Amino acid sequence: MSCIQTIQDYGLRSIGIGERLLPRSDFTLCEQFTLIGSGMIWNVYFGIMALATGFFLATALALGKASTKKWLRKPSEWFIFLFRGSPLFIQFFFAYFFFLSLKQNYPFLDVLTSAWLGALIVLFCNTAAYSGEIFYGALRSIPKGDIEAADAYGMTGWARFRRIIWPTMLRLAWPAYTNEAIFLFHATTLVFFSAFPVWQQRGDALYYAGYFADKTFNPFISYPILAFYFILLTLMVIWGFGMVNKRLNRHLPEAKRTKLKLRLNLAR
């Protein structure tokens, strides 16, 4: 089988398009690159969807934690503490078995035990908690002079938040938020590794890398391929967030603009 034919057969297999059966023996390098790359579709899906939805909850949590009203501040503080204080691995286990118990009593909630929704909810809550703390720190760091200037121009309420507070908060928080986005994409490998089951062998990149490693008893091919894909994904995230960061700092002099830098991070 040629590599082109392998890509056609297995390129979209992780989402149910293509060959139903996985190769059983005589694995080629093309098959491993293709199937692991196919699994990356799920990792990208989880990362993008969790970031897109968690961003808005994170903003609400940051504003809630900074609020002087206790009924807004306390729920935000406890939500952030709960999801930042417990391991993501345990959150996946707890959520899956919690959704499983709900399914037994309410069959229409069966969809929550599927990874595409149940695991996404966990990632959504987790990244919202971490991002909310990042945004809260940026909110506290907004120069008072900016707020006073907005007051002097007669800006109040929503206009002041939309034109002064929110853009400044994002500008200050964006480098740290970029790190959170990178971590989130890496954390998507825990979805099928923890509790959520793989349906019809349609897993993520780690699932296929583990499959090849188990069949060949050689982890030094499939796992480096997996790492290669995630390095590419990380570079794409840094580039994309760098473009946004450049846009957020466009009004500043060149010497004062915060630039995103690629740094080795051994621990979160």
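The model is predicted. Arg-13 is buried but has no salt bridge. The largest nonpolar core holds 58 residues, and H7 supplies the largest share of them.

**Helix H1**
- H1 spans residues 3–10, and its buried residues are Thr-6, Asp-9 and Tyr-10.
- Viewed down the helix axis, these buried residues fall within an arc of 75°, so they line one face of H1.
- An α-helix has 3.6 residues a turn, so residues three or four places apart point the same way.
- Ile-4 and Gln-8 are exposed on the other side of H1.
- Helix H2 (29–66) is included in what covers the buried residues of H1.

**Arg-13**
- Arg-13 sits in the loop between H1 and H2.
- The nearest side chain of opposite charge belongs to Glu-19, 7.6 Å away.
- The Arg-13 side chain does reach the backbone oxygen of Glu-19, at 3.2 Å.
- Beyond neighbours within four places in sequence, Arg-13 contacts residues including Leu-35, Ser-38, Gln-200, Arg-202 and Tyr-208.

**Largest nonpolar core**
- Ile-36, Phe-46, Phe-92, Leu-123, Phe-135, Val-191 and Phe-196 touch the most other core members.
- At least two core residues come from each of H2, H4 (88–105), H5 (115–140), H7 (157–187), H8 (190–194), H9 (205–216) and H10 (219–248).
- H7 contributes 12 residues, the largest share.
- Leaving aside neighbours within four places in sequence, Leu-123 is in contact with Phe-46, Ala-50, Leu-88, Phe-92, Leu-184, Thr-188 and Val-191.

Methods: Residues numbered from 1 in each chain as written. Predicted model: local features only at pLDDT ≥ 70, side-chain atom pairs only at ≥ 80, totals over all residues. Heavy atoms only, no water. Buried < 20%, exposed > 50% of the residue type's maximum accessible area, 1.4 Å probe, protein only. Helix = DSSP H or I, 4+ residues; strand = E, 2+ residues; numbered from the N terminus. Arc of directions from axis to C-beta. Contact = heavy atoms within 4.5 Å. Lys, Arg positive; Asp, Glu negative; His and termini not counted. Salt bridge = Lys/Arg side-chain N within 4 Å of Asp/Glu carboxyl O. Polar contact = N/O pair within 3.5 Å; in protein donor to acceptor, adjacent residues only side chain to side chain. Core = buried A, V, L, I, M, F, W, Y, C linked by side-chain atoms within 4.5 Å.
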